[in-house]
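Work through the exercises below with the sequence and the model open. Each task is followed by a solution in steps.

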Amino acid sequence: SGIVIYDRRRGNWQITGQIDNMILPDTVQGVVMARVDRLNEASRRVLQIAAVIGRTFSNDMLRAIAGDEADLDQLLLELQEHGLITTVPDAVEPAYEFKHALTQEAVYESILQRTRCELHEATAKTIEANYSDRLEEFYGLLAYHYTLAEQWEAARSYMLLAGDRAGDIAADKEAVALYRQAIDAYEQAFSDRLTPADQADVYRKMGEAYFRLGNNEEALDYLQRALRDLGHPLPRGRSAERLVLLGALIEQVWHRLRGVWAKRIEPSVIDPKVVLVARIYESLMWITGVNPEKILLTSLIAANFSERHGYRPGLIINYGWLQIILDFAGLPRLGDYYGRESLALVDETLYPTQSGTSYAFRAVHENIRSRWAVTLDYARRAIEILQDKSHWNVRAWSFSYLASEDGNIHPVS
C-alpha cells in the first residue's frame, strides 16, 4: 500500500510509493523542511534570503539581496504554488509574506550560521541603500540585522538611535518585537560594548514603548531592568516592598523636619545618571498608578532621590504625584502641601513638561475640592504648555476639566 495524494496538474488522485518506505517527520519543523527539501536549489536560496529578511519581505529587497537570480518572479510563483509564501494585499510596493510563522522559523533555523550572518549584513546594507532618505524609520530593524550579523559597532549605533524613536515605533508591534530581539541578542553576545547607562536608557525607552502598546507587564520588566543596571533596584516581594516603603516614609519625614528644599541647579551641572533614574521613576509612576501601595512606594523613593540630588524637574513631578495620592487617601491638607511645593518649583521655560504636569495634577486636586473656577484655570494653563508636548495621560486629564457647566469641551486654541 502507498500514500494517496492529489495531483493538481492532472486533476486526480495518485498513489505514491510504499508507505513502509516513507520517512514521516515527527515535528512541525520536520514537516516544513520536508516540503522545503523538495524545492530546487535556486528556490531554496530565495526562501532562505526571505526568511532572514523577516516574516514579510518586499520584492525589491529580495531582488537586491538575491542579486543574480534572473528568474526571481518565477521562483516566487513556485514558492506560492508550494504554499510557503503568499502575496501581501494592498501593499505600497509588491511584497510577500510567509504563509505561516513556523515556516519562516524552520527555514531560518536551517541556514548555516556563517551564511545567516552574511545574509543579515546584506539585508542591513540593502535597507541603508534603499531607504537612505527615511532611514530613521528603520533604526530598530537595522539594529536587529546588524546584531545578528555580529557587526557589533553598527548594531550598537542603531540600537541607541532606535531607542530614541522607541515611542514612535510603539504603534508597530512587529517593530518593537524586532528591537527587543536586537537588544536581547546584543546583550547575550556582547553586552560589555554598552555602558550601564546606555543599556539602562535603551531599557527605559523600550519600557515606555511597551507602555504605549498597553503591555504593562513588559514595560515594568524593562524599567526595572534599567533601574537594576543603574544600581537602584526596586524591592521584590510584598514584605520587601513594605519594609522599603517604611524606610522611604521615615526618610521623607526626616527631609521635611530638616527643611529640605530643592536648590535651583542648572541642567548643565546635573549628573546625566540622575536625570535618567528620575525619568525611569516617572515612567514607573504612570504605570503603577492603579496600585495605591506601589505608586506610593515609587513616589516616595523618587521624591527622596530627587531631594538628595537637588533635581528640580523630578521634584515637580514627584510632589505632584504625592499630592494626588494623598488626596485620594483622604489627606487633602497634606496633599495640598505637596501640591504647593510642586507649584513653587515650576519653571515653564526650563521645565515645560514637568510644569504642565504639575498644573494638570493641581487641576485634579482642585476638582476634588469642588473649586471649579480654579480647576479650569490650572487645566487651561496645563494645556497651554502640553498641547505641543507628547506626554502620557496628562492632556486627556486637562481637557476633561475644560468642560463648561453644560458639558461642552472648550480646548485652548
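**Exercise 1.** Find the nonpolar surface patch that includes Leu-257, and state whether Leu-257 is buried or exposed.

Solution. Step one: the patch consists of Val-253, Trp-254 and Leu-257, which together have about 360 Å² of accessible area (Shrake-Rupley method, 1.4 Å probe, only the protein chains shown counting as cover). Patch residues have over 30% relative accessible area and no salt bridge, and nonpolar side chains are joined within 5 Å; a salt bridge is a side-chain nitrogen of Lys or Arg within 4 Å of a carboxyl oxygen of Asp or Glu. Step two: Leu-257 belongs to helix 13 (residues 238–258); helices are DSSP runs of H or I with at least four residues, strands are runs of E with at least two, and both are numbered from the N terminus. Step three: Leu-257 is exposed because its relative accessibility is 68% (exposed is over 50%, buried under 20%, partly exposed in between).

The model is predicted: local features need pLDDT of at least 70, side-chain atom pairs need 80 or more, and totals for chains, interfaces and linings use all residues. Residues are numbered from 1 along each chain as its sequence is written, and side-chain values use heavy atoms, without hydrogens and water.

**Exercise 2.** Which residues does Gln-323 touch, leaving aside those up to four places away in sequence?

Solution. Step one: locate Gln-323 in helix 16 (residues 312–328). Step two: Gln-323 has a relative accessible area of 1%, so this residue is buried. Step three: the contacts (heavy atoms within 4.5 Å) are Gly-335, Tyr-338, Gly-339, Phe-361, Arg-362 and His-365.

Key
Patches are made of residues with over 30% relative accessible area and no salt bridge: like charges are joined within 9 Å, nonpolar side chains (Val, Leu, Ile, Met, Phe, Trp, Tyr) within 5 Å. Buried means under 20% relative accessible area, exposed over 50%, partly exposed in between (1.4 Å probe, protein chains only).
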